[in-house]
Amino acid sequence: MSAKPVSAKLMIQGTSSSVGKSVLAAAFCRIFYQEGYRVSPFKAQNMALNSFVTTAGGEMGRAQVVQAQAAGVEPEVRMNPILLKPSGPTGSQVVIMGQSQGNVTALRYHGEYQRMTWPYVTEALHGLINEYEIVVIEGAGSPAEVNLKSNDIVNMRVALEADSPVLLVADIDRGGALASVVGTLELVEPAERAMIKGIIFNKFRGEIKLLQPALDFIEERTGIPVVGVVPYFKIRIPDEDSVALNEANEKPSIFLAEQLDVAVIRFPYISNFTDFDALQDEPDVSVRYVTEVGNLGKPDLMILPGSKNTLADLRFLHESGLGTQIHKLCEEEVPLIGICGGYQMMGRSVKDPLHTESELEEVLGLGILPMVTEFYPQKHTVQSKGTILADSDFFKACTGETVVGYEIHMGRSTFDEGHVPLFNLTSNGETIADGLQAGTAYGTYLHGIFDNDSLRTALLVWLWERRGQRRPVEASLSQAALRESAFNELADLVRQSVDLERVRAIMGLEAELVPNDGMSINEAAEGKAQDLVN
């Protein structure tokens, strides 16, 4: 391959939140990875309840994990040095370089505390720039939020620190995209405006010829080229935050004869809902998110997901009537699976005497599992691997097999003697028992449980058998293969929609790339994808 620059940068900023910055950053990570570059993502500060644990035990935002996977590199906390996890209406848990620093109010954070985090940002940023050939940087929200600008550590301050060109992204599907682009450019400082080298309109539906006058207007008005118009697409790339759940269906689907009905309870502080992407990828499964007892129905499977505020969400279950209905359905042997916070809620009580997560000290649990949970200040964040011990119901088909996932929790659960755990898990050289079963109710601390192909397949086959039917799908698709296919499909779409020659010129990259072995870029990419799947 041609000689590569020591370092090149590209920053994706948006005119607002949810314009598609994270997914486009992932697309560029995959494109440059396919071209043979060593690529790293970076986002200085992320606010999300979807987090992940690295192999070193650090916690980081899920979006940068996805981008790292697209880039073909191992996720590490430098890629997201500051993570904010909302735990209430006006406060968040602050995670710096993978370690929780406790809860901080928004007012306190957007002052001295945020200024204190800037050295962590710069150290992580320059470390990645020095080690990788390309760093794809993502901003947050909008760079024109004047009320937050004085303490900015994620948008234009990062672009200037990295000396990175910026592509400004607008969501044309929601309307007002032209005004949002012009308004953003008007509100940023002249030095910041000079960093914006291109504009991308994202989520376009319709005939591009009808849009051309608007593109010409923007280029003439701003003097900045439109480097791409990306069509609206539905490629399975994990979503960053619960905004994606707003369009999710809550009521039972009309296609239940052909699909299993999986009802996930949507807590006010739901976290790590990407746990259910593997189920949504299955053609014979319909996943819906339920907030009202009248919409729960009698699904094939109920799921209590993770929570960033377990006691508050448990109280929500009681007050909404969902807790009573879930308990009733469990008595009717409707299967229930709880993960992390959802697992804790299934016990007799959840205690937080030191107020590590909320102002509540104790809330009675659902009483489905024979255990109690107490919160401690030290957060448990590990990647875990172990063996399936359970040998009843769907576990019969995979007893003794390996299970992998990750844990993020501050509570410790103690269950009554005489109960066999679901798994034996090993992390950091320590082996612990995890999970509990009572009837057709199961709980575990293990996030990513459904990403285990064999276990997920066994669960779905069993659920169909409970209907008295044979599963209409012969085998579950590999999550690794699906992920690689989605990244490559996304990269192809962006290649066709964005002027990559112009983007490379903006970044100072060479225009032509030829792999050493003479293969085409697509052939090389397919080979790399296959290596990752294997």
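Two residues are in contact when they have heavy atoms within 4.5 Å of each other. In this predicted model, 75% of the contacts between residues at least 6 apart in sequence join residues at least 24 apart. The chain has 534 residues, of which 57% count as buried.

**The chain as a whole**

- The chain contains 15 helices and 26 strands.
- Its radius of gyration is 24 Å, close to the 24 Å that the globule rule gives for 534 residues, so the chain is as compact as a globular protein of that length.
- The C-alpha trace spans about 70 × 50 × 45 Å along its principal axes.
- The accessible surface of the chain amounts to about 21,700 Å², and 49% of this surface belongs to carbon and sulfur atoms.

**The second largest pocket**

- Rolling a probe the size of a water molecule over the atoms shows where empty space is left.
- The second largest pocket has a volume of about 1,100 Å³.
- This pocket is lined by 38 residues, and the closest to its centre are Arg62, Gln69, Asp451, Gln479 and Arg483.
- Two or more lining residues come from each of strand S4 (51-53), helix H2 (62-71), strand S21 (371-388), strand S22 (402-415) and helix H13 (479-497).
- Helix H13 provides the largest share of the lining of the second largest pocket, with nine residues.
- By class, the lining of this pocket has 16 nonpolar, 12 polar and 10 charged residues.

**The largest cavity**

- The structure holds three cavities of 30 Å³ or more.
- The largest cavity has a volume of about 150 Å³.
- Its lining is made up of 19 residues, and those nearest the centre of the cavity are Ser307, Cys340, Glu357, Ile408 and His409.
- Strand S17 (306-307), helix H11 (341-345), S21 and S22 each contribute at least two residues to this lining.
- With four residues, S22 gives the most to the lining of the largest cavity.
- The lining of the largest cavity divides into four nonpolar, 11 polar and four charged residues.

- Among the residues that line the second largest cavity are Phe394, Phe395, Phe423 and Phe450, together with Leu422, Leu455 and Leu459.
- Ile337, Tyr442, Thr444 and Ile449 also belong to this lining.
- Strand S26 (441-444) and helix H12 (453-466) each supply at least two of the lining residues.
- The lining of the second largest cavity has 10 nonpolar residues, one polar residue and no charged residues.

**Residues with a positive phi**

- Asn272 is not a glycine, yet it has a positive phi of about 50 degrees.
- Asn272 is placed in the loop between strand S14 (270-271) and helix H8 (277-280).
- The relative accessible area of Asn272 is 1%, and a residue counts as buried when this value is under 20%, so Asn272 is buried.
- His355 is likewise not a glycine and has a positive phi of about 55 degrees.
- The loop that holds His355 runs between strand S19 (349-351) and strand S20 (362-364).
- His355 has a relative accessibility of 31% and therefore counts as partly exposed, the class that lies between under 20% and over 50%.

Conventions
Residues numbered from 1 in each chain as written. Predicted model: local features only at pLDDT ≥ 70, side-chain atom pairs only at ≥ 80, totals over all residues. Heavy atoms only, no water. 1 Å grid on protein atoms, 1.4 Å probe; cavity = no way out; pocket = protein on both sides within 12 Å on 5 of 7 lines; lining within 4 Å. Points joined across faces, edges and corners; volume = space filled by probe spheres on them. Nonpolar A, V, L, I, M, F, W, Y, C, P; charged D, E, K, R; others polar. Rg over C-alpha atoms; globule rule 2.2 N^0.38 Å. Buried < 20%, exposed > 50% of the residue type's maximum accessible area, 1.4 Å probe, protein only. Areas by Shrake-Rupley, 256 points an atom, 1.4 Å probe, with all protein chains shown as cover.
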